[in-house]
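Work through the exercises below with the structure open beside you. Try each task before reading its solution.

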Amino acid sequence: MQRLKGIIFIVSGAILWGATGPLMEWLLNHTSLTVSFMLTIRLSVAGMILLTYLLLTGKNIFGIWQHKLWGRQLVVFGIVGMLGVQFAFVAAIHESNAVLATLLQFLAPIFVVAYVSLSLKKWPPKYQVIGIIGTLMGLFLLLTNASLGSLLISSKALLWGVAVGLTFAFYTLYPARLMREWNVLLVVGWGMLIGGLTLGIVSRVWLSNQWVVFYDFKTLLLMIALIFFGTVAFILFLSSMKYITAVETSILSSIEPLTAMIISVIVFGTSLGFWQLVGVFVMLVCVTWLSIAGEKA
């Protein structure tokens, strides 16, 4: 029963998270919202929701700031990790579409392997090399549809996609010790709030003329759904790890890009060529292979 609960949590979380990509794509394409403004609102509100939830459940949300070391790490995580990966992801959606941006985040394991190998000053094991080569082959098919002479996305979209992978790798590696020492939701909540406030200050969100878009009920409803889906998805994802293994989590989270793809096809009429679909399949298989082989190792 506990394992079933974990599976339900991760599947539900992956579906909700996969739905946020097309939601952001629609908002960017059909309203005057910019990447900076949307993220400022989303991260700030989601961060406050998580911290309020922890406060209401009796957690001390301010204790972490009494330690300079942890406080500094939390600020770095909030700005470079949380804001970095979110901004790169939304910018990739803006320059391409939700499906490609969601799939490009699967480059993260490659950067994680590269970082660990450089740190240890040794070549990665064979299973990781095979997984990396397979992932890159899948990415090639996704971006070219097996045509050597064409790239199906702009160079700017590709750069943002690579940035998604890099920042997601940092987001995964950097806060590991911080999250072991403190409550995971506490770290994520503060990270979201720090990232959102930082972006708001840099973009001077209080002077923006985009606030008027929320007078439109449909836009306001979609923005609330975006914040709600993203926040609940994260809680479900973290909660699932109490009941199922990391490998099962990795495999079942593959539902996320499939959800984004289905919604994008229905809502936007997004279509992928045959070899692009093969590339998607290869990427998901190879990322899963990296997880399974890594767990066994």
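**Exercise 1. Is Val80 buried, partly exposed or exposed, and what does Val80 touch?**

Solution. Start with the surface. Val80 has a relative accessible area of 39%. Buried means under 20%, exposed means over 50%, and partly exposed lies in between, with a 1.4 Å probe and protein chains only. Therefore Val80 is partly exposed. Val80 is found in helix H3. Helices are DSSP runs of H or I with at least four residues, numbered from the N terminus. Now list the partners. Leaving out residues up to four places away in sequence, Val80 touches Val85 and Phe170. Contact means heavy atoms within 4.5 Å. Finally, take Phe170. Val80 and Phe170 are 90 residues apart in sequence, yet 8.1 Å apart in space, C-alpha to C-alpha.

A note on the model: it is predicted, so local features need pLDDT of at least 70 and side-chain atom pairs count only at pLDDT 80 or more, while totals for chains, interfaces and linings use all residues. Residues are numbered from 1 along each chain as its sequence is written, and side-chain values use heavy atoms, with hydrogens and water left out.

**Exercise 2. At what angle do H3 and H9 pack, and which residues meet?**

Solution. Take the axes. H3 and H9 pack at about 70 degrees, with their axes 8 Å apart. Axes are lines fitted to C-alpha atoms, for helices over the stretch in contact, and angles run from 0 to 180 degrees between N-to-C directions. Classify the angle. Under 35 degrees counts as roughly parallel, over 145 as roughly antiparallel, 65 to 115 as roughly perpendicular, and the rest as oblique. So H3 is roughly perpendicular to H9. Then find the residues. On the H3 side, the list includes Leu74, Phe77, Gly78 and Phe87. On the H9 side, Trp190, Gly191, Thr198 and Leu199 are among them. Sort by class. This contact of H3 with H9 has 13 nonpolar, four polar and no charged residues. Ala, Val, Leu, Ile, Met, Phe, Trp, Tyr, Cys and Pro count as nonpolar, Asp, Glu, Lys and Arg as charged, and the others, Gly among them, as polar.

**Exercise 3. Describe how H2 crosses H3.**

Solution. Find the two helices. H2 spans residues 35-56 and H3 spans residues 68-95. Their axes come within 10 Å and cross at roughly 135 degrees. That makes H2 oblique to H3. H2 passes H3 in a right-handed crossing. A crossing is left-handed if the near helix is turned anticlockwise from the far one by less than a right angle, and right-handed if clockwise. List the residues. Val35, Ser36, Met38, Leu39, Arg42 and Leu43 of H2 meet H3 residues including Met82, Gln86, Val90 and His94. By class, the contact of H2 with H3 has nine nonpolar, three polar and one charged residues.

**Exercise 4. Which residues have the most contacts inside the largest nonpolar core?**

Solution. A nonpolar core is a set of buried Ala, Val, Leu, Ile, Met, Phe, Trp, Tyr and Cys residues joined through side-chain atoms within 4.5 Å. The largest one has 53 residues. Leu27, Met38, Ile64, Leu74, Leu186 and Trp190 have the most contacts inside it. Now trace the suppliers. H1 (2-30), H2, H3, H7 (155-173), H9 (184-202) and H10 (217-240) each give at least two residues. H3 gives the largest share of this core, 11 residues. Look at one member. Setting aside neighbours within four places in sequence, Leu186 is in contact with Leu51, Leu54, Ile61 and Ile64. Another core lies apart from the largest one. This other core has 19 residues, among them Val99, Leu107, Ile110 and Leu142.

**Exercise 5. What is the phi of Arg204, and where does Arg204 lie?**

Solution. Read the angle. Phi of Arg204 is near 50 degrees, a positive value in a residue other than glycine. Most residues other than glycine have a negative phi. Then locate the residue. Arg204 lies in the loop between H9 and H10. Arg204 is partly exposed, with a relative accessible area of 49%.
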